[in-house]
Amino acid sequence: MSNTTTHESYLPAGLPIPVPEADGLSAPFWNGLREGRLRVQHCQACGTWQHAPEWLCHHCHAFDPPWDETAPRGRIYSWERAWHPVHPCLNGHGPYLVVVVELPGAGGVRMLGNLLGDPNAEVVIGAEVEGVFEHHPQAQPPFTLLQWRYVK
Amino acid sequence: MTERSLRGRVAIVGIGETEYYKHSQSPDAEFKLALKAVLAASRDAGIDPRDIDGFASYSNDRSEPSRMSAALGARQLRSTTMQWGGGGGGNCGAVANGAAAIVAGLADCVVAYRSLAQGQFGRFGKAPTAPTISGDMAWQAPYGVLSPGQKFAMKARRFMHEHGVRQEALRAIAMASYHHAQSNPRAVMYGKPLDEAKYDASRWIVEPFHLFDCCMENDGAAAVIMVPAERARDFPNKPVYILGAATGSDHRVGAAAHNQPNYASSSFSTVAPHMYRMAGLGPKDVGVVQSYKNFTGGVLMALAEHGFFKPEEANDFLKLENLLAPSGKLPLNTSGGNLAECYMHGFELVLEAVRQVRGTSTAQAPRSDVALVIGGPMVTPVSNLLLGSEATL
């Protein structure tokens, strides 16, 4: 069983910390990550999975789609290797990888994350990846990111 | 009931811009730049700027109409329209909204414009440094996806993956801009040519975008004056008519966290057909294209979605010789555009399309009766515009 939790940060500290909007729309998602759970809106009325969250199911117009836990397993849909530091905390850091991951177990919704491992490696679109919960308990406020690595 | 269309009902009779500067180098305040551009366009049209009764812009331009109208001493203020969202994707939308106001009888003389002093108000290529983030950017910024290039590179990558598009196609788009800028003294990159070796050796900003795949950051302002078509011949310049325009984006392009169903897209899949339908024209009728370049990958997808080639033909079509005036089959960005003339948030492209139809470009296309402008590929909403000469009506 591989370890799907880390306290090592892929990127340097100082990037903006994700917090729910004032209206709380995405709070179940971010709170779920802190507990090591991936939650995605899953409409009870019509079965549509929806990410990012919205107050309304875009398919059947039921309000407040409930949140369902889903396995952090997916496929790389697209990727980029970022070099130019657009934020002061990235100065001198070097390249890093970002992937768009689609989750077949949650209706194919997509989310972003960093691809852990060698930032200079070839990236394979379609490859299977699994989530790694990257916890930042000492940050103010504390938060957790969902990162990705190839399934071995 | 008459057909609901802008085709042939509105003419652009004046264009004007300020000097174009690298970001932070404008000696003038942003609002002063806006006034200079409007006065230059008024001079070009031969109108008294006090007759301007409509204002149209986009991307939350800070030079707002009531202050503009007061500063110009205009006799009255009538139509004021702002194209919502989409940043530079609103450049053609601003023209379309202003033209629609004229057709609807809400104004008689509209200026569409964009003013931008990134030095005064903050650069587009630098991320905000707030400690926390919410909403759409919360899904991206903590992972180092902060700038427009980082947000859009993965759309281009996916399109290149699906259709086997090579880096050389992006390079040709960049080189066409730089080539045309060498004959345009207004261009910020005038006198600074680009060759294949320089492109290939340039640093990556975010793969698949090299430095030269990315737009500049600039200060300046640009404006066009529009009047009803019936008055078009009362002005000194050859009138340039609006043949078609469209704004918007495909199904759920606004779905956050990269969840738009049609992901590998410039957002023009539905918008391009609307424009062609209004104009009664198709891609074969277009003789010259000005496409907004935030990044070359957006141009790649936008040209495909405007029907100039099938995605799998991109490598063959996007060769430098095809994109150059006067000999290429589709001259592209004949002023240098966002990459090499000025990132006037894409409004410089509208002025260049007018010059092409007038026949006064510094890189004139031989077939310039129908000129296309593409605004802000990959954002939402995007917009586009077909301009034409009297012969096309």
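Student: Leaving aside neighbours within four places in sequence, what is G248(B) in contact with?

Tutor: In this predicted model, G248(B) is in contact with T270(B), V271(B) and P381(B). To count as a contact, two residues need C-beta atoms, placed from the backbone, within 7 Å.

Student: And where does G248(B) sit?

Tutor: G248(B) belongs to strand β10 of chain B, residues 240-248. As for L324(B), 76 residues apart from G248(B) along the chain, the two C-alpha atoms are separated by 29 Å.

Student: Why is G248(B) called partly exposed?

Tutor: Count the other C-beta atoms within 10 Å of its own: there are 17. Buried takes 20 or more, exposed takes 12 or fewer, and partly exposed is in between. So 17 makes G248(B) partly exposed.

Student: Now the two chains. How many residues of chain B are in contact with chain A?

Tutor: 36 residues of chain B, and they meet 35 residues of chain A. On chain B, β6 (132-133), α5 (148-163) and β7 (204-207) each supply at least two residues of the touching side. The largest share, 6 residues, comes from α5(B). Sorted by class, that side of chain B has 18 nonpolar, 12 polar and 6 charged residues.

Student: What makes β6 of chain A and β7(B) a pair?

Tutor: Pairing takes at least two bridges between the strands. Strand β6 of chain A (residues 73-82) and β7(B) have 2 bridges, in the antiparallel sense, so they count as paired. As for A82(A), its bridge partner in β7(B) is V206(B).

Terms used:
Residues are numbered from 1 along each chain as its sequence is written. Chains are lettered from A and ligands numbered from 1 in the order in which they are written. This is a predicted model: local features need pLDDT of at least 70, side-chain atom pairs count only at pLDDT 80 or more; totals for chains, interfaces and linings use all residues. Helices (H or I, at least four residues) and strands (E, at least two) are DSSP runs, numbered from the N terminus. Ala, Val, Leu, Ile, Met, Phe, Trp, Tyr, Cys and Pro count as nonpolar, Asp, Glu, Lys and Arg as charged, and the others, Gly among them, as polar.
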